[in-house]
Each structure stands twice: as C-alpha cells, then as structure tokens.
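Here is a short report for someone meeting this structure for the first time. Take a look at the model, then read on.

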Amino acid sequence: ETFRDKTEIQKKISVNNIELTEHELENAVRHQYLLCLKSSRQAENNLELMHEVDAEVGLMEKLVQNAIYKQSDLKLLRITRQNYEQAYETYLAEYHDNLYNLNHLCGIEEGADVEIEPLELRLNPESQIPSRFMTSFYLDSLLIVADRKINELKYLPQVSVFANAGQNAVYLPGLNRFGFSTGATFSLTLYDGKQRKTEQHKSEINLETLQFNKRQNLTSVGIQKKFTLDKLQSLDKRILLSDNQLREYADLLDMYKKLLGQGEISVMEYSFLMKDISEKKQEKLLFEMEKQLVINAWNYWNY
C-alpha cells in the first residue's frame, strides 16, 4: 500500500507539472501576442499621420503655386511626411519580427504576413482558493513522507513463507523422488550504521526546506499581485490624462489646418504640432499596451 501511495503521488506531481507548464505557455503566448499588437498599432498610428500630412502636402502645393508659401515650406512638409513613413516601416518590420517569434512559440510553420485580431484582456476576479503555485509544494511534501515510510519498512520484522512440490532434482534410488517441502524465514535489521537516523534527519531537513520555500513563494506571489494592481491604477490615470490631452490637440490641429490654408502660420509650427501629436499618441498607445501586459501578469499570478 505504501508503494501504491507513492505511485499515486508521483502521478499527481506529473499532472500538476503539466498544468503549470500549460499555464506558463499560455502566459508567454499572450505576452508575445500583445507585443505583436503593440508594434502593429504603432505602425497604424504612423500610417494615419502619413495620410494626415499627405492631405496638407496637396494643399501646400497649391499654396506654393499661388506664392502664399515658399518652396522650402513644401519641402519641409514632405520631410515631415517621410519621417512618419520611416517610422511606419520600422514598426512594420518590428511587427513581422514579433509575429515570427509568436509563430515559433506556438510551433506554427506558416510564415505568411497576417494581420492579427485586436485583443482586450480582462482582469480575472481574485481567486478565493489557495494558489495553484503552492500545489507542487504540497505534493512534494507528500512524496518526502512517502519515501520516509518506505525507508522505515526495512526496519520492520520480515517474515516470508515458501513451499515447493514436485520431482526431486537429484537422483535418488527408489521410488521416493516425488514430494513437497515448506518453510519460513525471519529477518530483522539490528544495526545499519546509523543509516536509519540519517535518513530520518534528511527527510526532516527536506520538509523544513520545502516549507521555507513555500512561504517565500507565497510571499512573492502576493507581492506580484499587489504590484500589478497598483500599476493598473497608475496606468488608468495616465491613460485618462492622455485622452484629455489628445482631445485638446485635436481641436488645436483643426485650428492649425485652417490657419495653414490661409497662410497665417508657418509650416514649422504645423510640423511641431504634428510631432507633439505623434508623441502623445505614441505615449497613450504604450500606456494601453502596458496595461494589457500588466493584466496578463495579474491573470498569471492569480492562479
């Protein structure tokens, strides 16, 4: 029965290890997917800015022909557009690299250029049951106890019975070559060089070490969960501020477009405004993607 119990514990340990590995893999895949999504959205942002400036380049060409702006102004606007195009290509290349790593992680050989779907992770409710990360410590402690029980079996009195029946193997004259025999053996370990005591001490140390590691791990999980929640609150505030600023920038951009069409502001002023808008959009995007990564981290630790 003791050996059967140990086998069952080993099976549970194997199952638990598989479940933890699956959980690790799911977390890694979601993380890599979010990196793909981040570079994809960054590319989209710069593509939108390119189209925005393209419209103004078309208008500027007419204004240059009417001598409202100089050829140098048009050139500056085209350089601004090229900067966004360069950033677009950079983020697009980054997206392809992240997509390759995602496929590699998932064991997908497909190398075609695909567009990934948007992803909005939700915060899982805090688990009300003990952390699954602690299960391995519990099972390991059971295995140590089972090994100790098996080791103790060697020091119990051992009794075995034997019997045989049939023809004698050696030649004997006469007719008494057939029969049967029975017997019993008894054994008891009297001295083992203090091996029993050593093994008991070893198992006690292993259990104490396991308990220490369990407490450390439990503390670490708690710290990670608290950190992610605090980080989420901070990110929500920063995203809200970025939204408000972008709305202000959108109103200011409409004003600049009208003034630019009337020749009342310089192209440099318009270019600086576009640069500010680009940076603010990038900032908000990074906040949003970081929030998704933090949610993924929370869902990982809240297991």
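Met 60 touches Tyr 69, Asp 73, Leu 74, Leu 77, Leu 260 and Val 267, leaving aside residues up to four places away in sequence. The model is a predicted one.

Met 60 belongs to the largest nonpolar core, which has 23 residues. Met 60, Tyr 69, Leu 77, Leu 260, Tyr 270 and Met 274 have the most contacts inside this core. Four helices each supply at least two of its residues: H1 (2–65), H2 (71–106), H4 (195–261) and H5 (267–301). H1 gives the largest share, eight residues.

| Pair | Axis distance | Angle | Crossing |
|---|---|---|---|
| H4 and H5 | within 8 Å | roughly 160 degrees | left-handed |
| H1 and H3 | 9 Å | about 160 degrees | left-handed |

How do H4 and H5 run relative to each other, roughly parallel or roughly antiparallel? Their axes cross at roughly 160 degrees. Angles over 145 degrees count as roughly antiparallel, so H4 and H5 are roughly antiparallel to each other. By class, the contact of H4 with H5 has 22 nonpolar, four polar and 14 charged residues.

H3 covers residues 135–153 and packs against H1 at about 160 degrees. H1 and H3 are therefore roughly antiparallel to each other too. On the H1 side, the contact is made by Thr 2, Phe 3, Lys 6, Ile 9, Gln 10, Lys 12, Ile 13 and Asn 16. On the H3 side, the contact residues include Thr 135, Leu 139, Leu 142, Leu 143, Ala 146, Ile 150 and Leu 153. Charged residues of H3 take part as well, among them Asp 140, Asp 147 and Lys 149. By class, the contact of H1 with H3 has nine nonpolar, five polar and five charged residues.

Last, a loop residue. Ala 67 lies in the loop between H1 and H2. Most residues other than glycine have a negative phi. Ala 67 is not a glycine, yet its phi is positive, about 65 degrees. Is Ala 67 buried or exposed? Its relative accessibility is 65%. The cut-off for exposed is over 50%, so Ala 67 counts as exposed.

Notes. Residues are numbered from 1 along each chain as its sequence is written. This is a predicted model: local features need pLDDT of at least 70, side-chain atom pairs count only at pLDDT 80 or more; totals for chains, interfaces and linings use all residues. Side-chain values use heavy atoms; hydrogens and water are left out. A nonpolar core is a set of buried Ala, Val, Leu, Ile, Met, Phe, Trp, Tyr and Cys residues joined through side-chain atoms within 4.5 Å. Buried means under 20% relative accessible area, exposed over 50%, partly exposed in between (1.4 Å probe, protein chains only). Contact means heavy atoms within 4.5 Å. Axes are lines fitted to C-alpha atoms, for helices over the stretch in contact, and angles run from 0 to 180 degrees between N-to-C directions. Angles under 35 degrees count as roughly parallel, over 145 as roughly antiparallel, 65 to 115 as roughly perpendicular and the rest as oblique. A crossing is left-handed if the near helix is turned anticlockwise from the far one by less than a right angle, and right-handed if clockwise.
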